[in-house]
Amino acid sequence: MSEPTKTVLVTGAAGYIGSTLSRLLVERGYLVRGLDILTFGGGSLDTLQGHPAFSLVKGDIRNEADLEIALEDCGAVVHLAAIVGDPACAKNPDLARETNWEASRRLFDLCLSKDHVKRFLFASTCSNYGKMEGEGFVHEDSPLRPVSLYAELKVKFEEYILGAPARADFIPTSLRFATVYGLSHRMRFDLTVNEFVKDAFLNRELVIYGEQFWRPYCHVSDIARACLLVLVSDGEKVRRQVFGVGDTGENYQKKMLADEILKVLPDTAVKYVHKAEDPRDYRVDFSRIRDTLGFTITKTVPGGIMEVYEALRDKRIQDPNDRRYYNS
């Protein structure tokens with residue numbers, strides 16, 4: 001039997017973040033068990049398959065039997081599996097509720113019932129903030145104003161895990177991720193930075209709706225690093241806590257992203273389509289994770305733009321319009 005404290009279950013292990021996090025954990029000496037239904041195939045885990053520190057349970061988090069198998073011996077769970085993004089949840093709301101709420105709650109309750117599971121990290125989102133008031137910054141204690149089913153379900157589950165009675169040795173933590181970008185073994189081109197670079201590269205044109213609205217951004221490798229940091233941090237610092245994951249200096253308006261892309265692809269034609277109202281508009285202060293845990297990012301948006309551009313230029317990604325790179 002493997003040592004429980006060294007075995008981490010990553011749900012959604014084949015996904016955009018999961019395939020990056022699984023590799024990082026293996027590199028750091030953890031035993032990693034992935035649980036994934038492989039909706040987009042298992043190619044993102046090819047180089048991990050066969051590694052003695054990695055195993056994959058091909059299963060559905062909606063299936064309790066799959067959860068039981070996956071949780072055996074695990075000391076910690078990083079819960080990434082979800083129907084991800086506003087469009088995907090809007091397209092199939094019943095599946096979103098089954099997965100992001102009902103199955104997630106069942107997983108959490110199972111973890112609570114098993115003495116060997118000590119930590120539970122939940123992948124939440126800065127979309128929870130919805131639309132900020134005024135010109136300042138929102139933070140972990142700001143009011144949550146979800147404006148999509150995706151964010152509503154994230155808020156609901158976040159409140160559930162942080163408010164549920166729990167064993168004294170059980171540590172739940174919610175991580176509100178900034179909008180993610182950058183190269184991953186399961187690449188996505190329906191994320192703002194990646195999508196903008198792809199459009200500029202393929203079409204030499206960028207159409208931007210609501211250029212004035214703000215979002216925070218964080219590279220997928222830094223998101224994975226934050227998950228690892230929370231896993232190894234003093235339990236009293238992260239127990240029942242919420243941490244935004246990102247950097248305060250990495251808040252951008254969409255026009256600012258376009259300006260950075262023009263530095264790499266100066267011949268791109270940019271067309272702005274003004275929108276007076278956007279349901280999501282927020283700048284986030286990420287001081288808490290920096291001051292409490294010492295987290296700092298290693299990559300910034302300009303570098304991520306160059307990274308994605310070079311992958312397209314060098315044809316490491318042959319067809320970025322392939323449906324496997326999109327969640328909806």
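This is a guided tour of selected places in the structure, to be followed in a viewer.

The model is predicted, so local features are used only at pLDDT of at least 70 and side-chain atom pairs only at pLDDT 80 or more, while totals for chains, interfaces and linings use all residues. Residues are numbered from 1 along each chain as its sequence is written, and side-chain values use heavy atoms, with hydrogens and water left out.

**The largest core**

Begin by selecting L25 and F177, which touch the most other members of the largest nonpolar core, a set of 77 residues. A nonpolar core here is a set of buried Ala, Val, Leu, Ile, Met, Phe, Trp, Tyr and Cys residues joined through side-chain atoms within 4.5 Å; buried means under 20% relative accessible area, exposed over 50%, and partly exposed in between, with a 1.4 Å probe and protein chains only.

Staying on F177, and leaving aside neighbours within four places in sequence, display its contacts (heavy atoms within 4.5 Å): F177 meets I17, L80, A123, S124, T125, C126, I223, C227 and V245. A second, separate core has 33 residues, among them A96, A103, L110 and F157.

**Helices α4 and α5**

Next select helix α4 (residues 93–113) together with helix α5 (residues 149–163), which pack at an angle of about 15 degrees with their axes 10 Å apart. Axes are lines fitted to C-alpha atoms, for helices over the stretch in contact, and angles run from 0 to 180 degrees between N-to-C directions. The angle makes α4 roughly parallel to α5, given that angles under 35 degrees count as roughly parallel, over 145 as roughly antiparallel, 65 to 115 as roughly perpendicular and the rest as oblique.

On the α4 side, show P93, A96, R97, N100, W101, S104, R105, F108 and D109, and on the α5 side L149, Y150, L153, K156, F157, Y160 and I161. By class, this contact has 10 nonpolar, two polar and four charged residues, where Ala, Val, Leu, Ile, Met, Phe, Trp, Tyr, Cys and Pro count as nonpolar, Asp, Glu, Lys and Arg as charged, and the others, Gly among them, as polar.

**Helices α9 and α11**

Move to α9 (254–264) and helix α11 (residues 301–313), whose axes come within 10 Å and cross at roughly 50 degrees; α9 and α11 are therefore oblique to each other. Their contact is made by L257, E260, I261 and V264 of α9 and by V301, P302, I305, M306 and Y309 of α11, and by class it has eight nonpolar, no polar and one charged residues.

From here select L265, in the loop between α9 and β12 (269–273), which is buried with a relative accessible area of 8%. Not counting residues up to four places away in sequence, L265 touches V197, A200, F201, R204 and Y309. L265 and A200 are 65 residues apart in sequence, yet their C-alpha atoms are 7.1 Å apart in space.

**Two loop residues with positive phi**

Finish with D73, in the loop between α2 (64–71) and β4 (76–79), where phi is near 70 degrees, a positive value in a residue other than glycine; D73 counts as buried at 11% relative accessibility. Then select R240, in the loop between α8 (235–238) and β10 (241–245), which has a positive phi of about 55 degrees although it is not a glycine, and which is partly exposed with a relative accessible area of 32%.

Conventions
Helices (H or I, at least four residues) and strands (E, at least two) are DSSP runs, numbered from the N terminus.
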